[in-house]
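Hello,

Here is the structure I promised to hand over. Please open it first, then read my notes below.

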Amino acid sequence: MSLDKIDLGDGLRTSPQGFGAMALTAVYGGTDDDSALATLEHALDVGVTFLDTANVYGNGSNEELVGRLLARRPGEAQVATKFGVSGDIRTGRRTTRGDAAYVRECADESLRRLGTDVIDLYYLHRVDTRVEIEETVGAMAELVAEGKVRHLGLSEVTADELRRAHAVHPITAVQSEWSIWSRDVETHVVPAAAELGVGFVPYSPLGRGFLAGSVGTQIPEGDMRRTFPRFDADNLDANQVVVETVRRVAGDLGVTPAQVALAWVHAQGERWGLPVVPIPGTRKAARVDENLGALSVRLDTDAMAALDEVSDAVVGGRSADPLWVSSGRE
Ligand SMILES: NC(=O)c1ccc[n+]([C@@H]2O[C@H](COP(=O)([O-])OP(=O)(O)OC[C@H]3O[C@@H](n4cnc5c(N)ncnc54)[C@H](OP(=O)(O)O)[C@@H]3O)[C@@H](O)[C@H]2O)c1
């Protein structure tokens with residue numbers, strides 16, 4: 001397994017698998033800061049250095065947690081954070097904002113919470129469709145010119161939004177949901193990213209735990225997964241065929257379901273001709289090791305065919321609001 005850094009895009013070198021910190025402040029169940037920090041430290045120890053947070057996670061407390069790690073381990077991580085969404089992501093009551101003044105305000109707040117002078121990768125979390133994307137990205141480009149940000153990224157953009165943004169300032173990476181059960185990005189934005197030389201950062205590559213087999217048949221109250229149609233009780237039932245296929249492939253290869261789900265995502269880089277760096281999240285240090293093990297898993301033709309085929313069987317959207325994700329606006 002090679003943990004050599006790869007060029008995600010525009011010269012940003014990251015570990016080949018990243019770490020998503022979102023659930024280190026409660027969204028999929030309880031958390032505590034000490035074990036969250038231990039998990040983050042473990043990620044750095046084993047070479048997972050590309051860390052993903054956002055200003056809206058834990059209403060700022062997720063960035064503060066990452067900031068505590070950076071204070072302990074300066075210079076070891078490539079940190080990505082995001083702005084543009086406010087409200088409560090757990091309940092789905094949130095909104096977008098992308099005007100220039102807000103971009104500057106959010107960046108300064110994130111720098112303060114992270115306790116750093118510069119953000120390695122700064123993403124627009126969601127496009128504010130009331131604002132021209134040129135204005136939002138123009139303000140983000142000023143942050144680069146001022147030395148507050150090194151690279152720019154966009155989350156859940158359409159191919160057209162990506163092209164318009166890239167014309168204002170080089171975009172290093174697109175971050176969108178991409179996994180065995182979320183493949184809509186393959187129609188427009190993945191080919192556009194490949195054409196423009198933009199890297200891809202698949203979020204929720206384990207299907208928010210579903211593909212790893214760690215989601216039960218009932219989602220508890222207060223768990224963010226309740227807001228997504230595919231996790232409704234009936235859909236969850238129908239979707240068991242997906243996780244059963246992942247389990248079967250894992251059994252055949254003698255690896256775990258999480259490793260199969262991640263190996264499928266890693267394989268998309270070769271398939272589509274662009275750098276692909278997924279950011280699985282976990283509260284547990286041992287699972288960081290397990291997930292990293294996916295880098296050594298080769299899915300043969302039969303395994304890929306079975307996983308590709310079962311993705312057509314998925315029931316229920318990945319967002320209750322189709323416009324919240326790129327495919328709804330393509
Ligand atoms: N840009 C966006 O709009 C957006 C949206 C969603 C997420 N993200 C980013 O993407 C990152 C990852 O996404 P995610 O956290 O939603 O979903 P994910 O990485 O697909 O799955 C996380 C879930 O899987 C479980 N898990 C992790 N490793 C496992 C393993 N080896 N075996 C069994 N279960 C395992 C975790 O439970 P435990 O904690 O119990 O291990 C957790 O519930 C986030 O942290 C965030 O940084 C971005």
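Start with L162. L162 touches L154, V157, I171, V174, V189, A192, A193, L196 and V198, leaving aside residues up to four places away in sequence. Bear in mind that this is a predicted model.

L162 also stands out in the largest nonpolar core. That core has 96 residues. The residues with the most contacts inside it are L162, I180, F200, F210 and L299. There is a second, separate core of 11 residues. F50, L121, A173 and V277 are among its members.

Next, helix 5, which spans residues 159-168. Which of its residues are buried? They are A159, E161, L162 and A165. These residues cover an arc of only 155 degrees around the axis, so they lie on the same side of helix 5. What do they pack against? Their partners are helix 4 (133-145), strand 9 (149-155), strand 10 (173-177) and helix 6 (189-196).

Last, S15. Where does S15 sit? Its place is in the loop between strand 2 (12-14) and strand 3 (19-20). Is S15 buried or exposed? S15 has a relative accessible area of 0%, so it counts as buried. Its side chain reaches two backbone nitrogens: that of T49 at 3.1 Å and that of F50 at 3.3 Å. Not counting residues up to four places away in sequence, S15 touches K5, G47, V48, T49, F50, Q78 and V277. Two of these, F50 and V277, belong to the second core.

Best wishes

Methods:
Residues are numbered from 1 along each chain as its sequence is written. This is a predicted model: local features need pLDDT of at least 70, side-chain atom pairs count only at pLDDT 80 or more; totals for chains, interfaces and linings use all residues. Side-chain values use heavy atoms; hydrogens and water are left out. Buried means under 20% relative accessible area, exposed over 50%, partly exposed in between (1.4 Å probe, protein chains only). Helices (H or I, at least four residues) and strands (E, at least two) are DSSP runs, numbered from the N terminus. The arc is that of the directions from the helix axis to the C-beta atoms. Contact means heavy atoms within 4.5 Å. A polar contact is a pair of N or O atoms within 3.5 Å; within protein, one must be able to donate a hydrogen and the other to accept it, and residues adjacent in sequence count only if both atoms are side-chain atoms. A nonpolar core is a set of buried Ala, Val, Leu, Ile, Met, Phe, Trp, Tyr and Cys residues joined through side-chain atoms within 4.5 Å.
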